[in-house]
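Good morning, colleagues. Please have the model open on your screens while I speak.

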Amino acid sequence: MSTTSTGPSTGPTSTLTKPVSGKQVDKVFRAIAYACGILILVVLGAVALFLLFRAWPLIGGDQSAVSETISSFTGGKATNFWAYVGPLLFGTVLVAALALAIAFFVAIGIALFISHYAPKKLAAALSYVVDLLAAIPSVIYGLWGGLVLVPAIYPFWNWVATYLGWIPIFAGPAANPSRTVATVAVVLAIMILPIITSITRDIFLQTPRLQEEAALALGATKWEMVKLAVLPFGKSGVISASMLGLGRALGETMAVLMILSPGLKYSFRLLQASQDQTIAANIAAQYPEANELGVSVLIGTGLVLFVITFLVNFLARKITEKKAVK
Amino acid sequence: MAGHGTIPAKEGSMTHPTSHDSSGSAPASLMADAPVIDFDKFKPTRSHLAARQRKDTFMRWLILLAFVVACIPLISLLWTTIVNGVRRLNWDFLSHNMTYVVGGEATGTGGYGGILHAIIGTLEITLGSMVISIPVGIMCSVYLVEYANRSRLSRTVRLLVDVMSGIPSIVAGLFAFSMFSILVGPGTINGFEGSVALSLLMIPTVVKTTEEMLKIVPNDLREASYALGVTKQRTISKIVLRTALPGIVSGAILAIARVIGETAPLLMTAGYIVSTNMNLFSGEMTTLPVYVYQEYSKLRANCPADASASCVTTIPMERAWAAALVLILIVLILNLIGRIVARIFAVKTER
Amino acid sequence: MGQRIDVNNLNIYYGSFLAVEDVNINIDANKVTAFIGPSGCGKSTVLRTLDRMHEIVPGAHCTGEVLLEGVNLYAPDVDPVAVRRDVGMVFQRPNPFPTMSIRENVLAGVRLNNKKISKSDADDLVEWALRGANLWNEVKDRLDNPGVGLSGGQQQRLCIARAVAVHPSVLLMDEPCSALDPISTLAVEDLINELKKDYTIVIVTHNMQQAARIADYTAFFNLKAVGQPGHLEYFADTTTMFNNPQNEEAERYVSGRFG
């Protein structure tokens, strides 16, 4: 207790009012942290501004040159920007919505399987598999879709076109190779599956145990318990996860670019080739050959895509936020 | 619910010897005017019970089916990539770039070109985006967790980080392209431009994982440090960030694994060349995913009529598969490392 | 050596909510002063104003004076960081830094304050602080083991060692034994008795027997109702507090009739 107790014993006045070492560093560090926080705002603003600036010739530039460029992109089908971006936007939303429709129930099924049905060890392994799916680069999905799925899925689409062809969206003949909206939607569904699954799984796991047990104590079967306790609890989480999945599907480029045979129509013919095209894939496809003004046109379409995905993501977050406040 | 008798039967089953008389009489008067209920009426019928059971079983199988359905593409994808990829994956493929490759003919070394330049490009561009986004991401989450105190600004930042994580990668590419063409000069294409585009995609991931990690550092540790007269900066950098380090590292690795497979933004920012370019700041640069795409879009190689037997027309696809296999391996290994780091080096905080 | 603390007209707020009202108390140097009272009466809050730790909670602030040997801790030219170097604190739950060894934990205060310290000085300081915390004999052979590997009582004494290693003049303890078993509690109580030779000690406790065992003076905090501010009801030397309190509420409390 007394070996080296000759520590600092200066007067109290001096130690308390003496400038504290490290105070300058403290201030600098704080400033950097604030700057990085604000940088996020700046970057998002910059994205919008730079895109707008670069797309400006569309609005402020020579209109006849613009329409000439657009008509060269489309082979004369469209001459103004909105007529050009319209079908693209339609195709983007169509493909993404189909992908979501396919992925939605499967994702919820897997999430339920992991959270409530699978044994614990298996569930952990499955969670890992789902994360693995999420990690696979989109270009590889494109490669696989273009070289493996397209030939493999043709018989199925052909069957659908033959027997369900009376439904307009399945009108035949099914294209072979099936580089169609339907095939792209399947690949996109696989790609957005993991993100929807992992979010809904986390939400389902948070279901209050008491509510689950209350349902079971009333004599409910497992599925009734899920319907009574788990699904209502996870509802808003499921919705927002789907929106995030939709956002991802809207912006996906490579898989669409590598699989779809594009067209520029407002077409619901899912099984036929050369019907629709998405904004993102269109940018990547036209970009290498585009001249200065052409790039402006493409950036203009990119700006439309940015606004759409921004809104979808914003909405998704708002939904979860409201839930969190409750 | 099933198997309950009527009220008298229930009372008869109450065999508490001491309390039976006193408590039995009190409820009796309480329930005197209550309607007599035949609980047998509410008993579920046998067929109804069976129907419920059937539905339960049906849903169980449906859910299992959903899972199996999801496994098919994953297995098919991994399987085809491995089977097709190993065919051309050898040392020659890893150690050469695409110069001197003509059509489907073999090069002087007996190979068919390779991905050396793409591996170098991937490493440099990814490294560039790490250097930008990891410090910015970490400091942004330090701001959110340690400084912001739920202010209006911090809520906005948090929301925008979420929104930013949903930006389509091609828009990130367009942004980097527009920014460089305005600030540096029209038509600028270099590796660093690709790094900027990728950072836009990486920052939100880093911010979000780091934020989660900082949040689970127990407040006790911050207080203990402040109570020792340690400044806020040193508390954050030496206690909070140090304690959260394994989680941050693993989050950063997962973020890298995500952007390393990005293709679309690099098509327009980093371009594509066949030779090796070591300079991140000048000239076009190829990355692995772009290489896969470029080979895929070649469809087939040209073999003139008088070509030697070693000329392979399907070589572009085979190169694409081999490069895809390398890419998958890199991504999976990064994922694995990230998880192992998180698990092994996790600091036990016992709370 | 310990220093005395004088608190004058202290009001503590969380945002606009007045948590503790008008505290006046004189805490003697080199004595143990215990704060007791029912939960929610603000005794921990008052303790935390003595080293300006309450300011960490967003929106918390206070008015009035806290004088450490006559210097107001809340004077504009006083930095809270400097205050905390002079007034140490031990928390309810032992909180050694999980990334650090036992040795590094003891040296944390000095090292984190960026003071260069030679190997031999560090060795001396570690031994001094651990002996002071009555932990040396138990851990001297495993100083490089992680601090979180110790038992709860040992961890708490390690935290005390960590606090005394920066050589403060006052030690504040916020229910230091509430997470410990009886044997560890006894060890910490013995240590507190030893430490008062060198430090002024203020301890918050829920356990009245503990206050009676170790404190020289006892302050009884109370609140009129939930949602009302807490206040200092009665302050006396410990013998008076527990045997012959001159305050009705305090008498009711120490005899176990409420709280």
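This is a predicted model: local features need pLDDT of at least 70, side-chain atom pairs count only at pLDDT 80 or more; totals for chains, interfaces and linings use all residues.

Let me begin with the division into domains. For chain A, the domain assignment gives domain 1 at 24-54 and domain 2 at 67-325. The C-alpha centres of these two domains of chain A are 32 Å apart. For chain B, the assignment gives domain 1 (1-43), domain 2 (49-86) and domain 3 (91-344). Here the C-alpha centres of domain 1 and domain 3 of chain B are separated by 71 Å.

I come now to the contacts between chains. Between chains A and B, 69 residues of chain A are in contact with 72 residues of chain B. Which helix supplies the largest share of the side of chain A that touches chain B? It is helix H2 of chain A, residues 23-54, with 20 residues. By class, this side of chain A divides into 50 nonpolar, 13 polar and six charged residues.

Chain B also meets chain C: 23 residues of chain C are in contact with 21 residues of chain B. On the chain C side, the elements giving two or more residues are helix H2 (80-86), strand S6 (87-90) and helix H3 (102-112). Of these, H2(C) gives the most, with four residues. The side of chain C that touches chain B comprises 13 nonpolar, five polar and five charged residues.

Next, I would draw your attention to helix H7 of chain A, residues 138-164. Within its own chain, H7(A) packs against helix H8, residues 181-205, at an angle of about 130°, with the axes 9 Å apart. Because of that angle, H7(A) is oblique to H8(A). The crossing of the two is right-handed. Residues of H7(A) at this contact include A:Gly145, A:Leu149, A:Ile153 and A:Trp157; among those they meet in H8(A) are A:Val186, A:Ile190 and A:Met191. The contact of H7(A) with H8(A) has 10 nonpolar, three polar and no charged residues.

H7(A) also packs across the chain boundary, against helix H12 of chain B, residues 288-298. Their axes come within 9 Å and cross at roughly 25°, so H7(A) and H12(B) are roughly parallel to each other. This crossing is left-handed. A:Val139, A:Leu143 and A:Gly146 in H7(A) meet B:Pro289, B:Val292, B:Tyr293 and B:Tyr296 in H12(B). By class, that contact has six nonpolar, one polar and no charged residues.

I close with the backbone. Where is the cis peptide bond in chain A? It runs from A:Asn176 to A:Pro177, with omega near 0°. In chain B, B:Tyr100 is not a glycine, yet has a positive phi of about 65°. B:Tyr100 sits in the loop between helix H4 (91-95) and helix H5 (116-147) of chain B.

Thank you for your attention.

Definitions and conventions: Residues are numbered from 1 along each chain as its sequence is written. Chains are lettered from A and ligands numbered from 1 in the order in which they are written. Axes are lines fitted to C-alpha atoms, for helices over the stretch in contact, and angles run from 0 to 180 degrees between N-to-C directions. Angles under 35 degrees count as roughly parallel, over 145 as roughly antiparallel, 65 to 115 as roughly perpendicular and the rest as oblique. A crossing is left-handed if the near helix is turned anticlockwise from the far one by less than a right angle, and right-handed if clockwise. Two residues are in contact if their C-beta atoms, placed from the backbone, lie within 7 Å. Ala, Val, Leu, Ile, Met, Phe, Trp, Tyr, Cys and Pro count as nonpolar, Asp, Glu, Lys and Arg as charged, and the others, Gly among them, as polar. Domain bounds come from an automatic or database domain assignment.
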